[in-house]
Amino acid sequence: MDAPLTGVVPVVPTIFHDDQTVDLGGTARVVDYLLDAEVDGLCLLANYSEQFSLTDAERDALARMLLERVAGRLPVIVTTSHYSARVAATRSRAAQDLGAAMVMIMPPFFGATLTVAGPAVIEYFGQVADAIDIPIMVQDAPLSPTPLPVSLLIDLVRQVPAVRYAKIEVPQAADKLHALVTALGGSLPGPFDGEESVTLIPDLDAGARGTMPSSMVPAELGRIVRRHLSGDRAGAVRAWEDLLPLIHFENRQCGLRAQKILLAEGGIIASERTRAPFGPVSPRTRRGLIELATARDLLITRWAR
């Protein structure tokens, strides 16, 4: 990347056939849709990619195929999280060798109680940084019980210069982003938010330079972020408020299944299947999502028509 990454960088979902085997062709088709959505980058193998249900061989096949599909047209972030610093470093080196522009990593944890203290978190990221030459995005998400207070994140960025991006998607994200931006300035050129962009405007107001949502409404979110970054905050707010009921429904009712439902409804993929034990939403919830989406002129619903 010649300049810091900003804008909309959606997570690419892993598409499965009805028998739960990986659908490489369907996943590649989602990438084609995202390219036409004029996104600013892509993120692979994240939690919204159902990375937790994939084998190592499937991870490798998906990363290789999707990076070849993108062919350098956009920066690609590959998620390489693992409890072991050694494994995370090996995954990160492999992603770099395949052409990734960045890796995204959660702090080490296992289950709800096996957490890591602050100094060991910094050492962990330092070991990963020593294995690669590309930037690291630290992911601060509710899924991890390892705490990342502002003070630790500041120390992490200062002590491990490869950590140049932070995806903040915890409660009170705007205050956390503002504190990081104020303290770190140019040392953290890539403050991002997540959580499906459900707090996007407060986070942009706080200094976020981009968002990492699902693949549900990336084209629409891209226009909002560009408006805000260009100074048209009022226009960004109006557009975000129009999308917000749908985004909130995704965030609170469906989770990662929302993007797959709409990708299938729009004819982009053949199956909206997730891997067991992660099951489908209820018919009632599915109808509610489709009703909200149908009321808006979304690229996901017309791209394949």
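Hi everyone, let's start with glutamate 195, which counts as partly exposed because its relative accessibility is 28%. For that word, buried means under 20% relative accessible area, exposed means over 50%, and partly exposed is in between, with a 1.4 Å probe and protein chains only.

A word on the background: this is a predicted model, where local features need pLDDT of at least 70, side-chain atom pairs count only at pLDDT 80 or more, and totals for chains, interfaces and linings use all residues. Residues are numbered from 1 along each chain as its sequence is written, and side-chain values use heavy atoms, leaving out hydrogens and water.

Back to the backbone. Most residues other than glycine have a negative phi, and most peptide bonds are trans. Glutamate 195 is not a glycine, yet its phi is positive, about 50°. You will find glutamate 195 in the loop between strand 7 and helix 7 (200-205). Helices (H or I, at least four residues) and strands (E, at least two) are DSSP runs, numbered from the N terminus.

Leucine 45 also has a positive phi, about 60°, without being a glycine. Is leucine 45 buried or exposed? Leucine 45 is buried, because its relative accessible area is 5%. Its place is the loop between strand 2 (42-44) and helix 2 (56-70).

Next, proline 277. The peptide bond from alanine 276 to proline 277 is cis, with omega near 10°. Proline 277 sits in the loop between helix 10 (257-265) and helix 11 (283-294), and counts as exposed because its relative accessibility is 85%.

Now the rings. How many aromatic pairs does the structure hold? There are 3 aromatic pairs. Rings of Phe, Tyr and Trp (its six-membered ring) pair if their centres lie within 6.5 Å; planes under 30 degrees apart are stacked, over 60 edge-to-face, and the rest tilted. One of the pairs is tyrosine 33 with tryptophan 303: the centres are 6.1 Å apart and the planes at 65°, so this pair is edge-to-face. Tyrosine 33 lies in helix 1 (residues 24-36) and tryptophan 303 in the segment after helix 12 (299-302), so the pair ties together parts 270 residues apart in sequence. Tyrosine 33 counts as buried because its relative accessibility is 1%.

Another pair, tyrosine 165 and phenylalanine 192, is tilted, with 6.4 Å centre to centre and 55° between the planes. Tyrosine 165 belongs to strand 6 (residues 163-168) and phenylalanine 192 to strand 7 (residues 190-193), 27 residues apart. Both tyrosine 165 and phenylalanine 192 are buried.
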